[in-house]
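Reader: I would like to learn how to read a model like this one. Can we go through it feature by feature?

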Amino acid sequence: MSRILALWLPNWPVQRLVRDQPDRMSCAIVLYEQDARSAQRVKACSAAAWEHAVRPGMPLAEAQTLLEPGAAPIQKTEVRPCFARHDVGRDREALVELAEWCEQFSPLVGLDPGDEPDTLLLEVGGLAHLFGGEAALAQAVVTACGQQGLTVHVAIADTIDAAWGFARWSQGLSDGMRSEPGSMAVIPPGDVAERDRLPVDVLRLPVRTTEQLYRLGVRRIGQLHRLPRASLAARFGGSLLERLDKLTGAIAEPLVAHHAREPLSVCRTFEHPTTHHGAIEHVLGELLVQLSHRLLEQRQGVLRLTCQLVCQNRQPLQIDLSLFRPTSAPQHLLALAKLQLALLTLPDAVEEIRIRAVTTAPCEQRQGELFGDAPREHPAQLALLIERLSNRLGRERVVCGELQAESQAELAYRYRPLAGDSASLRTPALPPLPGPLLRPLCLFEPPQSIDVVGIALDGPPAMFYYQRRRYRVARCFGPERIETGWWRGESSRRDYYRVETDSGDRWWLFRRLQDQRWFLQGVFE
Amino acid sequence: MYTELHCKTNFSFLQGASHPHELVQRAAELGYQALAVTDKNSLAGVVRAHAAAKDCGLKLIVGAEITPVDAPAVVLWAPDRAAYGRLCRLITRGRRQAAKGQCELTWQDIAEHAEGLLAGVLIGDGERVSERPNHVAQTALGRYRQIFPDRCYLIAEFQRGPDDQRRLEMLRHLAHASGVPLVAAGDVYYHIPARQPLQHVLTAIRHGVSVAQAGGLLFPNAQRHLKSPDELRERFARLPDALQRTREIAERCTFSLAELRYEYPQELAPPGLTPLEYLKRLTWQGAQQRYPDGVPDKVLQLLKHELQLIGELHYEAYFLTVWDLVQFARSREILCQGRGSAANSAVCYCLGITAVNPDRVELLFERFISKERDEAPDIDVDFEHQRREEVLQYLYQKYGRERAGLAAAVITYRTRSAIREVGKALGLSLDCIDRLAKNMDGYPQEAIELEQRCQEMGIDTTSEVGRRLVHLTKELIGFPRHLSQHVGGMIMTRGPLCELVPIENAAMADRTVVQWDKDDLEELGILKVDCLCLGMLTAIRKCFALIRQTTGRQLSLAGIPAGDTRVYDMICQADTMGVFQIESRAQMAMLPRLRPRCDYDLVIEVAIVRPGPIQGQMVHPYLRRRAGEEAVTYPNDAIRRVLERTLGVPIFQEQVMKLAVVAAGFTPGEADQLRRAMGAWRRNGHMETFHQKLLDGMRQRGLSEEFAERVFQQIRGFGEYGFPESHAASFALLVYVSAYLKHYYPAAFTAALINSQPMGFYAPAQLVCDARRHGVEVRPADVNYSQWDCTLEGERILRLGFRLLRGLAAKDAAAIIRARAAGPFDTIDQFTRRTGLLQGAVSRLAEADAFGSLACDRRQSLWDALSQPKSRSPRPLLDPSDPAVDPLADLPAMTVQEQVVADYQTLGLTLRPHPVSFYREHLQRLGATPAAQLANLPHRRQVRVAGLILLRQRPSTGNGITFATLEDETGTVNLVLYKSIWERFHAIARHSNAWFVRGRLESRHGVIHVVAQHLQDMQHELTHRVPSRDFQ
């Protein structure tokens, strides 16, 4: 016979945060989310925040004023507020971790099926005697969770819904904030009286239906049970009866066990630790093949990959691979890994190799061509080159220049690593280039201070000295005035001239308007 | 002598970074010959520029930058009135074709309106420049030359860009090849270079990015300012002709906005009669009707005098316009009432524009229309709020879109919006901005305040970022952001309005708005008629109808018997819930002290409980003098004449102005400026100049410094809230009428108020409670008896209407009423069959207990309702979920308390015992006093009260004091919460709707408050989601 243990973690998002960051234990924690109108609203809060009148649903700004130092209520002690964005994904992840940990109590552990689950369900039928009875089992769970720093409510009952309900309502409290931590309820098999006392909310019906039941004065399962089934179906549809039957066990509802998604990582332990490069490369190759199978299943290619060599009694060595285009080809990955491996000196024998795909992206499918690998292969060849260079020299060293929309010349470009970045797969929208020959390709960084002889004090240059050479200006275009960057601090104010010297060189100079000093910033080639 | 021909003000929203007056003043300082204001597809800023130019003697050229979709942009200047008219027409066309705030024009549109206008073509602005002009530019210029044969120029602008020399060559080539002369301009966005950062911020706001992200969207230098003549000479050294030509254009443009003559619509007089003759005829006819027993002598004199004055000032057409409006409203049975400077004249009374009988009220027409000021008369007409749109559409239809439009309202940046936008543009974090903005409101009184508030919010205003934030925010405050519509100011003209000012679409469908706001219109002497809406008029009309229905008595605004002592008795007892204006807490608190006994007392009552008089410290002196506790003295006779009727305390705006004239020697014109400055002093501080003038004037007339200072403080107190006597007089009439109706016809009055919701201070629940206290029998909403609106089933029997049922659609209610025509409903099944309603609506009715007459209890009827079909599709023959026999369900019976909760949930009110009454015993044990018994307790006694919170109010003038109204089964208690208490019990005060309060009783002059000292939450005990109305 099936027996279900429900383990409810009240206010799970807050509990989870404290679990991840124990130093926040004493804080007034407020978790917020962005609602559809992009307003920030409180999603959950800790008891300390609740004390200060913070409530789920209120705008974040209001919660902030409530928790500000010096804000009301005056007579209460000051607390350290802590605001964080509600992270549904991490909540779920942590619950999954917890589910795995709970496998010590039961081989079959599931999550409650809501969008934001906060309850674990354990199938404990037939294994309570291992713990000395159901009460002892429940106690064991509560105790173990308590040691983990978790507040839980545990109930054991015949069906999933009943256990779920008793975990919440066994003490007649639906408000996790104020009920005693570590409460537990064991409902003997076949007990109807207790079940009938559960509120109808336990059925998790649409809000409107629950409201209507309340309006009809039907608050408890028992009352619902006494109403004619046919009439109920006519009024609330068949789903209410189905939910009711699942609760009572008239319809069996099996527990869907949770399975963790396998991470994209592979590892192998050497039977005999080795320093032999050939052996290591061989194993590396095999692991990469293994990984690439996994990647292929998901139609993913790897963009960044780490490869750890665990040595005896040492810090593991790490190889990072960064790619320009997502790939799942093991030979190519191996070739890149070998490039780095060759540079490594092994401090000791390697006993384990772990490989993990850090960043992946959908793999580009390219149709092969019937005739030859003519010029179209070039982009792919370039990618290979970029990848080789990046992995040999370091990701940060193989870059491409990009124009920025910015009037200040030295800030009008930036360098971006080419490999290991899914953003580089898209061609960014470039700002329009200024006209031809208006900006030099070569800039001095920083601009070189020079001496200039001008005809008028604020006029164009006539002659200048650079690196002890004298240049006579033959033609001069300008001034082009740039005054910008006030938001970065002191604004840069310059008058630029493009000059052509009598020797035929073309330079880009500017006068700094604040102090009339001249600088050479670039050369046209 | 230079003329700037291409200059945007901040009315090119989020582009221009200077106010029109700043540009004008700077141009005058630099010794310009003239300045052209050319906003983008708009003339919204020209009037302000015109006013500033008039003050500093600069010539203003009116123009606009037009950006057609299929041709290069062009700047158009208006050389004469006719060309100006065409420019307005052109912009109107573009604006009317596009969505609100947008303008869509084509080259063809420009061609059709080109006659007479001068054009400056903008080519190559911001594009990549090559020395040889490209073919496209040349063709475009050629096309413009076609439509502006000898009036076309090519604008040359140099901003120290990357390649000015080459641009210059290009433009020269282009001009030469097309035979279009070059003219110099500056493409000005701000008056001084220091505005560059603000212009960058505006650009960033416009594109919704931060300045740091805006990159290429920003102008790279600060050259878009008004430049000095020397700088210009140097800049255009190689194009001296282009510089010279600005003078040519300035000379060709002789048009000034001062030439605009406003003309009233003339068609209102029938053929053969002049408007004045017609007005006279209508007035005398009206007088006969108003005074069937003969016009009193006093009124006769008044009429003669007023008509003479109207004739002299040529205001007859204006009065006819308003008369026509009122006539239309009357024909549709829309109740209306005029107010404002000219509205309370004998002529308006006879024309039916107002119901304030000149025989009863002492108001002098001359005070409102004066010969010397030559100021336009001002009549506002209030219409029923639910039907004002009919009146507006009538006007559009009568005069056509071309001749009628609503005045604009310029929405400007206030502290909150300014700091939010600047913060975003500077890249501050969103929650920091939110927090800052939340703590800012209105205009800070002093510039320092902004810094202080920023510091309070943890922003270091001495840091780079903090300084920038404060500085830019200060600059941005007061900048126009967009045009909205005035609450109801309609402009109607004889000729096409769209040749006077551009007209554009409003956000609301079927509304068109001119580009000028009320100050602009006033500056140019253009008249508007304010068609406003007033909820109380709706309620009064509905009340009249109900009274006619039940008693056959015909009532009208003018026909209510005046001076009824019982009505005044009721007012003196502050029994005024639902009465117009005097139903607010503050007003109610004043009534027992002021004890109004006649019309004029009500006029004062309406005007005195306003932020203006309260801040000006006028209320208490007036009360003391009225009670005879303080002697009334006047410094001289002239002042006595002004202030006598308000016992020496200036209460009305008119008195303040008059006082400035008689006591400080202001001319009437200056007094008028003072009035305007009063409205805007917080923003621009013009008041300071008046301050000195006022003090000097009074000193010269031998008045004491102290008196002068007090008068000034009083004037200042009026601030934005000055209330004119002429408006108060009209309002007072409505106060009296509604009080009269409340006293004699409480059932009809309550029904009318509920049927006119949303309006007034109180929700239906309170109105119903109040009616029942006054002996009205209120019957519940019921499918067999109710209409959509509340109805009367006897003079003192009120039947609630379906409109109170939450979530019931009007069309479902109509279906019920239709089906009921064939006889009453017996069962719910039968009800559903006959009405065709679906389960959703039926169960809503059941939840609201609307099947009471079917002898069903609420739960049983909901149970039955739930079995009704959910959709209109026919049921399948064999539906398993449809049992042949529906066995009786055994549902638990409802307690009264549950019924009350359900009533509140579905109706928002209950006719059963008040929710608090169930806990009276419990509350008694806790020592709580029922509201009704507070009056018997001595002043300053410690008391405890408990109940539901109806509303919380925090008036801006109250130093952070919050007022709350608490209700129990015996009545209401007024609570006063000082800031410290509010903060200490913030959680309860803000969120809970049921309080247990310990506090001190304040009971004086029949006014009862409880000053709260301790709050306790009773939400769980007392309420179940009873709604309250907060902070309104």
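Reader: Why is helix H1 (residues 12–20) of chain A largely enclosed by the rest of the structure?

Author: First, the basis. This is a predicted model, where local features need pLDDT of at least 70, side-chain atom pairs count only at pLDDT 80 or more, and totals for chains, interfaces and linings use all residues. Residues are numbered from 1 along each chain as its sequence is written, chains are lettered from A and ligands numbered from 1 in the order written, and side-chain values use heavy atoms, without hydrogens and water.

Author: Helices (H or I, at least four residues) are DSSP runs, as are strands (E, at least two), numbered from the N terminus. Buried means under 20% relative accessible area (1.4 Å probe, protein chains only). Seven of the nine residues of H1(A) are buried, so the helix is largely enclosed. Among them are A:Trp12, A:Leu17 and A:Val18. The buried residues pack against strands E2 (28–34), E3 (40–45) and E4 (81–85) and helix H4 (88–101) of chain A.

Reader: How is the size of an interface often given?

Author: As the accessible area lost when the parts come together. Here, about 4,600 Å² is buried between chain B and chain A (1.4 Å probe, summed over both). Carbon and sulfur atoms give 55% of that area. In chain B, B:Arg160, B:Pro162 and B:Trp863 lose the most area to chain A, together 13% of what that side buries.

Reader: How many salt bridges are there between chain B and chain A?

Author: A salt bridge is a side-chain nitrogen of Lys or Arg within 4 Å of a carboxyl oxygen of Asp or Glu. The count is four. One of them joins A:Arg219 and B:Glu898, with the closest N and O atoms 3.5 Å apart.

Technical notes:
Buried area = accessible area lost by both parts, 1.4 Å probe. Buried < 20%, exposed > 50% of the residue type's maximum accessible area, 1.4 Å probe, protein only. Contact = heavy atoms within 4.5 Å.
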